[in-house]
Amino acid sequence: MGDKVIWGLSEKGKFSVKSAYYADLETKNQKTGETSNGDQNERLWRKVWRLTNSGKVKQFLWEALNGILPTRSILFKRRIIDNSTCPVCNREEETDIHVLWDCPASVDVCGEDCSPVRKWGRNYADFTTLWSNLQSKLEEGKLHIVAEVLYDLWKRRNDMVFEGKFKGPCVLIQQAVQEVETVNVDASMDSKRGKVGIGVVVRDFRGEVHVVVAAPIQVIEDIKAVVHAQPGWSVTFKGRDGNRGAHAVAKLALSLSTECVWMEEVPTEVLPAVVSDLPSFVMSV
Ligand SMILES: [Zn+2]
């Protein structure tokens, strides 16, 4: 009944958050230490691991890109089932490219107004060829949405086969768009008062701000205690480019006595800084 889950990154082939974390770390390390010697395959995987924090989506992409997504075509070839026809449209063989791209039910989803792949063609030989094209033509925010949509298409197919449920195209793509949010976090420190302000700004893929959190924390004594307990340790605080919004919120947090959360609005004190981060979003969407 249930699909077998195979994860190639841990010794026993079982998925674990730890193995995904180390795979992610490894690719990040490779990125910083490497300039031109990475081949195409490495670049593909590096982008996949950086794309999303969702272990389920990573695992799905890993299976699909290795050609082992348990579609009816695969199960038929392994003689596990005796019918390879798509269970959704009942018209064609259910290969990976069929279920994720060519099936009329998937075409409906990708043709929705907010879909980043609305006018894309249907002439891809297999899923790997399609994904290479998506990676080279879409910027990261849109690629992330497409990854969520593809995962949701596969999940919807499984929900239909195993539970008899089926979501409409509009619900599915809106769900995928909502999944993709950017979280900026920054800290600001007032060493005289021994106070740290934490600033968090959450945006959707269009750059629209959904949540702002400013949290003041008296932690310097805790940090000092930890640092003093470790011989040779020291602490430095570095600013970051492109994180002006979260940095301004962190500074605002220093003036607060308790944590504050703004939903679907931006406090006026930090508005200029939050807006100044916006052009990079607009340019890239
Ligand atoms: Zn179909």
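Two residues are in contact here if their C-beta atoms, placed from the backbone, lie within 7 Å. On that basis, residues 24 or more positions apart account for 60% of the chain's contacts with a separation of 6 or more. The model is predicted. Its chain has 13 helices and four strands. Of the 285 residues, 29% are buried.

**Nonpolar cores**
- The largest nonpolar core has 35 residues.
- Leu100, Ala147, Val149, Leu150 and Trp154 have the most contacts inside this core.
- Two or more residues each come from helix 2 (40–51), helix 3 (55–65), helix 5 (96–102), helix 6 (104–110), helix 7 (127–137), helix 8 and helix 9 (169–179).
- Helix 8 gives the most, with nine residues.
- A second core of 15 residues is separate, and includes Val212, Val249, Ala273 and Val274.

**Helix 8**
- Helix 8 covers residues 140–163, which is 24 residues.
- At 1.5 Å a residue, helix 8 should span 34 Å; its end C-alpha atoms are 33 Å apart, so the two values agree.
- Trp154 touches Phe60, Leu69, Val99 and Leu100, with residues up to four places away in sequence not counted.

**Helix 3 against helix 8**
- Two packed helices are described by the angle between their axes and the distance between the axes.
- For helix 3 and helix 8, the angle is about 80 degrees and the axes are 10 Å apart.
- Angles of 65 to 115 degrees count as roughly perpendicular, and helix 3 and helix 8 are therefore roughly perpendicular to each other.
- Helix 3 brings Lys56, Val57, Phe60 and Leu61 to the contact, where they meet Ala147, Glu148, Tyr151 and Trp154 of helix 8.
- By class, this contact of helix 3 with helix 8 has six nonpolar residues, two charged and no polar ones.

**Thr71**
- Thr71 sits in the loop between helix 3 and helix 4 (72–77).
- Thr71 counts as buried because it has 26 C-beta neighbours inside 10 Å, where the cut-off is 20 or more.
- Thr71 is in contact with Glu94, Thr95, Asp96 and Val99, leaving aside neighbours within four places in sequence.
- Pro87 is 16 residues from Thr71 along the chain, and their C-alpha atoms are separated by 9.8 Å.

Conventions:
Residues numbered from 1 in each chain as written. Predicted model: local features only at pLDDT ≥ 70, side-chain atom pairs only at ≥ 80, totals over all residues. Expected span 1.5 Å × (residues − 1). Core = buried A, V, L, I, M, F, W, Y, C linked by C-beta atoms within 7 Å. Buried ≥ 20, exposed ≤ 12 C-beta atoms within 10 Å, placed from the backbone. Axes fitted to C-alpha atoms, helices over the stretch in contact; angles between N-to-C directions. Parallel < 35°, antiparallel > 145°, perpendicular 65-115°, else oblique. Nonpolar A, V, L, I, M, F, W, Y, C, P; charged D, E, K, R; others polar.
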